[in-house]
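Student: I would like to learn how to read the features of a model such as this one. Please take them in turn.

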Amino acid sequence: MYTMSQINHIKDLSSCGYRISEISKETGADPKTIRKYLSQEDFSPVPPVVQEQPSKLDPFKHVIQEWLDEDKRHWRKQHHTAQRVYERLVEEHGYAGSYSVVQRYMKKCRCVQTEKANLELVWDPGPAQVDFGEADFYEADRLVRKKYLTVSFPYSSETQSTNRSFLPASVPTITSGFVSATRIPAGKKGM
């Protein structure tokens with residue numbers, strides 16, 4: 001193996017008009033080696049090509065994907081964990097592989113889902129962000145689950161976020177919650 005300075009010396013001699021036999025006498029390098037270095041442009045090491053080996057999990061990946069697709073229709077807390085997928089594979093399909101293989105595959109699947117789910121939000125002046133859902137609230141020292149509506153103006157320099165909660169999720173209730181949430185506070189100019 002020659003150093004870069006030796007290889008550059010060989011290339012310099014060639015560019016000055018020396019023949020390969022003359023370069024060989026001058027440097028003591030074999031003519032085949034000289035030809036190799038003269039024909040080579042890039043001396044960066046070639047990264048190794050990683051070939052994926054077949055996994056014991058391969059025959060079960062379609063089953064796991066079906067379970068994960070089904071999970072999308074359920075609450076997040078009801079989704080399969082790697083442990084639960086492993087247990088179901090062993091019980092229902094006779095999987096003989098290790099838990100760590102299942103765990104690595106689940107992590108890879110979740111990374112793909114996370115990449116798809118993350119988008120940068122860009123807000124122009126004017127629009128509001130509206131969301132609704134369910135949460136637990138304390139009312140008269142009693143824990144009550146209610147529906148809520150949140151309205152925020154993300155572009156505004158004012159950090160105004162208005163929350164309205166209401167029990168019956170009817171159209172008039174949602175509409176009145178939205179109207180009261182979007183009113184401009186007294187003394188404020190437009191957002």
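**Reading the model**

Tutor: Gly28 lies in the loop between α2 and α3 (31-39). Helices (H or I, at least four residues) and strands (E, at least two) are DSSP runs, numbered from the N terminus. This is a predicted model, in which local features need pLDDT of at least 70, side-chain atom pairs count only at pLDDT 80 or more, and totals for chains, interfaces and linings use all residues. Residues are numbered from 1 along each chain as its sequence is written, and side-chain values use heavy atoms, with hydrogens and water left out.

Student: Is Gly28 buried or exposed, and which residues does Gly28 touch?

Tutor: Buried means under 20% relative accessible area, exposed over 50%, and partly exposed in between (1.4 Å probe, protein chains only). Gly28 has a relative accessible area of 59% and is exposed. Contact means heavy atoms within 4.5 Å. Not counting residues up to four places away in sequence, Gly28 touches Tyr2 and Ile23.

Student: How many helices and strands are there in the protein, and in what order do the elements run?

Tutor: The protein has seven helices and three strands. From the N terminus on, the order is α-α-α-α-α-α-β-β-β-α. Of the 191 residues, 20% are buried.

Student: How do I read the packing of α1 and α2?

Tutor: Axes are lines fitted to C-alpha atoms, for helices over the stretch in contact, and angles run from 0 to 180 degrees between N-to-C directions. Angles under 35 degrees count as roughly parallel, over 145 as roughly antiparallel, 65 to 115 as roughly perpendicular and the rest as oblique. The axes of α1 (residues 4-15) and α2 (residues 20-27) come within 10 Å and cross at roughly 140°. That angle makes α1 oblique to α2. His9, Ile10, Leu13 and Ser14 in α1 meet Ile23, Glu26 and Thr27 in α2.

Student: What is the angle between α4 and α5, and which residues make the contact?

Tutor: α4 and α5 pack at about 125°, with their axes 11 Å apart. This makes α4 oblique to α5. From α4, Val63, Ile64 and Trp67 take part, and from α5, Val85, Arg88, Leu89, Glu92 and His93.

Student: Which residues of the largest nonpolar core touch the most other members?

Tutor: A nonpolar core is a set of buried Ala, Val, Leu, Ile, Met, Phe, Trp, Tyr and Cys residues joined through side-chain atoms within 4.5 Å. The largest one has 14 residues, of which Leu57, Ile64, Val85, Leu89, Tyr95, Val102 and Met106 touch the most other members. Two or more residues of this core come from each of α4 (61-71), α5 (82-93) and α6 (99-117). A second, separate core of five residues includes Ile10, Ile23, Ala29 and Ile34.

Student: What is Met106 in contact with, leaving aside its neighbours within four places in sequence?

Tutor: Met106 is in contact with Ile64, Leu68, His80, Thr81, Ala82 and Val85.

Student: What should I look for in phi at Ala140 and Asp141?

Tutor: Most residues other than glycine have a negative phi. Ala140 has a positive phi of about 50°, and Asp141 has one of about 55°. Ala140 is in the loop between β1 (129-139) and β2 (142-152), and Asp141 is in the loop between β1 and β2. Ala140 is exposed, with a relative accessible area of 80%, and Asp141 is exposed at 80% relative accessibility.
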